[in-house]
Amino acid sequence: MEIPVFVLDAFTNLLFKGNPAAICPLMHELSDDLYQKIATEMNLSETAFITRTNPSDSFSTGSRFRLRWFTPTNEVNLCGHATLASGAMLFEHQNNVNPTVVFETLSGDLAVTKKGDGYVMDFPLNPPGQEVQYDPNAFRDIIKVAVGNHPVQDVCLSPTTKKLMIRLADSCDRSVLTSLKVDAAALQSTEKSGRVKGLIITAKGSPDCQPGYDFYSRFFAPWNGIDEDPVTGSAHTVLGSYWSEKLGKKKMLAYQCSSRGGELELEVRDDGRINISGQAVSVLQGTITI
């Protein structure tokens, strides 16, 4: 059996920046075990598998597809960069004729629309939940591992995504965030309750400086086999909700300052969802032979 595979860098217009995802368009579903083995072999944050919902459709003509995402260790419920890369693969490599494609996923229907040089994704909004002020010691150890002695302004836990968000004090600029040396193994050993599956560290941006980022972030998910994810769409379903409220803005420009780096345009909608926009660059096209 031969399986096509594409690797695209998402949330960037530059090769070897953003977040790489492997995308496999499949004529038929495979076993979960095989999906996982392929994802482990690809060893990227996510490998996505696209199948047709209607057998009479092709990847060029269809407007609805099934989409699943696997990290090197497990399946996940929501992934932004691999959804963006999946849409870009259909439009760029399959010449899909539709203005919008819809993916049926574990997080419901997710639409990707081609717009200019990039793509707009229609995603659920995941509010960060109650700020953890009622028990400041609840995540004391993981906060210490994550940010050391740097001052912290807010700590929130998103119950739907199990993402813990730590906001650095406004006295901390982008350089503080980028210089953090986060021990992913220590994070995982410190937090074993199952309440946390991802850690977001964020700081207020510099909208007065070009290109005007409203906030910065980094994301760590050793619980899912990802020490640090380069650019994380799903984390911005939490961050977008949080910063929209704090900044009083619906439209924001965000930068995830991993070593690869990536840019996301966000628009919080009145219907409880968020538009996440970005670009993608194709890096590799090949065949997996099984």
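Q: What do the buried residues of H1 pack against?
A: This is a predicted model. In it, the buried residues of H1 pack against strands E1 (2–10), E2 (19–26), E3 (46–52), E4 (64–70), E5 (75–76) and E17.

Q: Which residues of helix H1 are buried?
A: Helix H1 covers residues 32–42, and its buried residues are Leu34, Tyr35, Gln36, Ile38 and Ala39.

Q: Why would residues three or four places apart point the same way?
A: An α-helix has 3.6 residues a turn, so residues at that spacing point the same way.

Q: What follows H1?
A: Asn43 does. Its phi is positive, near 60°.

Q: Switching to the core. Which residues touch the most other members of the largest nonpolar core?
A: Ile50 and Trp69 do, in a core of 51 residues.

Q: Which helix gives the most to this core?
A: Helix H2, residues 81–92, with 7 residues.

Q: And what is Ile50 in contact with, leaving aside its neighbours within four places in sequence?
A: Its contacts include Ile23, Leu26, Phe59, Phe65, Leu67, Met89, Leu90 and Phe103. Arg66 and Ser86 are also among them.

Q: What does the second, separate core include?
A: That core has 27 residues, including Ile166, Leu177, Leu187 and Leu253.

Q: Now the surface. Which residues make the nonpolar patch?
A: Leu15, Phe16, Val283 and Leu284 make a patch of about 370 Å².

Q: Where is Leu284?
A: Leu284 is in strand E17, residues 280–289. The buried residues of H1 pack against E17 too.

Q: Why does Leu284 count as partly exposed?
A: Because its relative accessibility is 44%. Partly exposed lies between buried, under 20%, and exposed, over 50%.

Terms used. Residues numbered from 1 in each chain as written. Predicted model: local features only at pLDDT ≥ 70, side-chain atom pairs only at ≥ 80, totals over all residues. Heavy atoms only, no water. Patch = residues over 30% accessible without salt bridge, like charges linked within 9 Å, V, L, I, M, F, W, Y side chains within 5 Å. Areas by Shrake-Rupley, 256 points an atom, 1.4 Å probe, with all protein chains shown as cover. Salt bridge = Lys/Arg side-chain N within 4 Å of Asp/Glu carboxyl O. Helix = DSSP H or I, 4+ residues; strand = E, 2+ residues; numbered from the N terminus. Buried < 20%, exposed > 50% of the residue type's maximum accessible area, 1.4 Å probe, protein only. Contact = heavy atoms within 4.5 Å. Core = buried A, V, L, I, M, F, W, Y, C linked by side-chain atoms within 4.5 Å.
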